[in-house]
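Here is a walk through one protein model. Keep the sequence and the coordinates side by side as you read.

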Amino acid sequence: VVLDMARSAVKERFYLAVTTSTPAYILRVDTDGLPDNDFADNGAYPIEMPGATVNFCNAVTELSSGKVLALVTSGGAEGGPLRLFCLTHQGRPDTTFNGGNPLLVPGDVGEAIAEQADGKILVVHRGNIIGQRLSRYLASGLPDPDFGNNGTVIFDNYQMSFIKSVTLQPDGKIVVAGAWGSITTVFRLLP
């Protein structure tokens, strides 16, 4: 099952976030739908977290640097269910991001990723205990201390009971969307 896809800004290629139970995959294909053999192993990077019974690659995007980010939710994974993966353009772990290791993100489910013009990374995630969150990370994987409370803006249940997506306006303002009950909610934040 393809849960997300993104177009490459570097070449005419596409990234697919694929879930097959376990492992999940980040695929890179050409415009004919054929695997790009210059990425990972024959166009596919497998994601299987230790102890996980299922892995969902919920979101994928290519950064302006050519690196690839993927947001992965894993059921039963050791240490927590939600992680952000950063790969080089060749589909290998990026050692400049969290030492090449997947970054543990608070919460149960990751929904979306976006890159700001300055290279900072926005992540929409949620959980039963932590609520609805928008976090911003530096290119190194560290939380951005200049954003929200130590890198995170938390929406209370009266603002948004289900956070789903994030995008950027041309002026750099951040737009987050979700729902409050059956009502669509949209918030715009300063960068």
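The paragraphs below take up the pocket, a loop aspartate, a loop threonine and the cysteines.

This is a predicted model: local features need pLDDT of at least 70, side-chain atom pairs count only at pLDDT 80 or more, and totals for chains, interfaces and linings use all residues. Residues are numbered from 1 along each chain as its sequence is written, and side-chain values use heavy atoms, with hydrogens and water left out.

Start with the largest pocket. Its volume is about 150 Å³. A pocket here is an open set of points on a 1 Å grid over the protein atoms alone, where a 1.4 Å probe fits, with protein on both sides within 12 Å along at least five of seven lines. Lining residues have an atom within 4 Å of a point. The volume is the space filled by probe spheres set on the points, which are joined across faces, edges and corners. Among the lining residues are L104, R133, R136, Y137, N150 and G151. Two elements, β11 (131–137) and β12 (152–155), each give two or more residues to this lining. Strands are DSSP runs of E, at least two residues long, numbered from the N terminus. β11 gives the most, with four residues. The lining divides into five nonpolar, five polar and two charged residues. Ala, Val, Leu, Ile, Met, Phe, Trp, Tyr, Cys and Pro count as nonpolar, Asp, Glu, Lys and Arg as charged, and the others, Gly among them, as polar.

Now move to D144, in the loop between β11 and β12. D144 is buried, at 1% relative accessibility. Buried means under 20% relative accessible area, exposed over 50%, and partly exposed in between (1.4 Å probe, protein chains only). A polar atom of the D144 side chain lies 3.0 Å from the backbone nitrogen of D146. Beyond four places in sequence, D144 is in contact (heavy atoms within 4.5 Å) with residues including R136, Y137, N150 and G151.

T96 sits in the loop between β7 (82–87) and β8 (103–104). At 48% relative accessibility, T96 is partly exposed. Its side chain makes polar contacts with the side chains of K67 (2.9 Å) and D94 (2.8 Å). A polar contact pairs N or O atoms within 3.5 Å; within protein, one must be able to donate a hydrogen and the other to accept it, and residues adjacent in sequence count only if both atoms are side-chain atoms.

C57 is buried at 0%, and C86 is buried at 7%. The disulfide count is zero.

Methods:
Disulfide = S-S within 2.5 Å.
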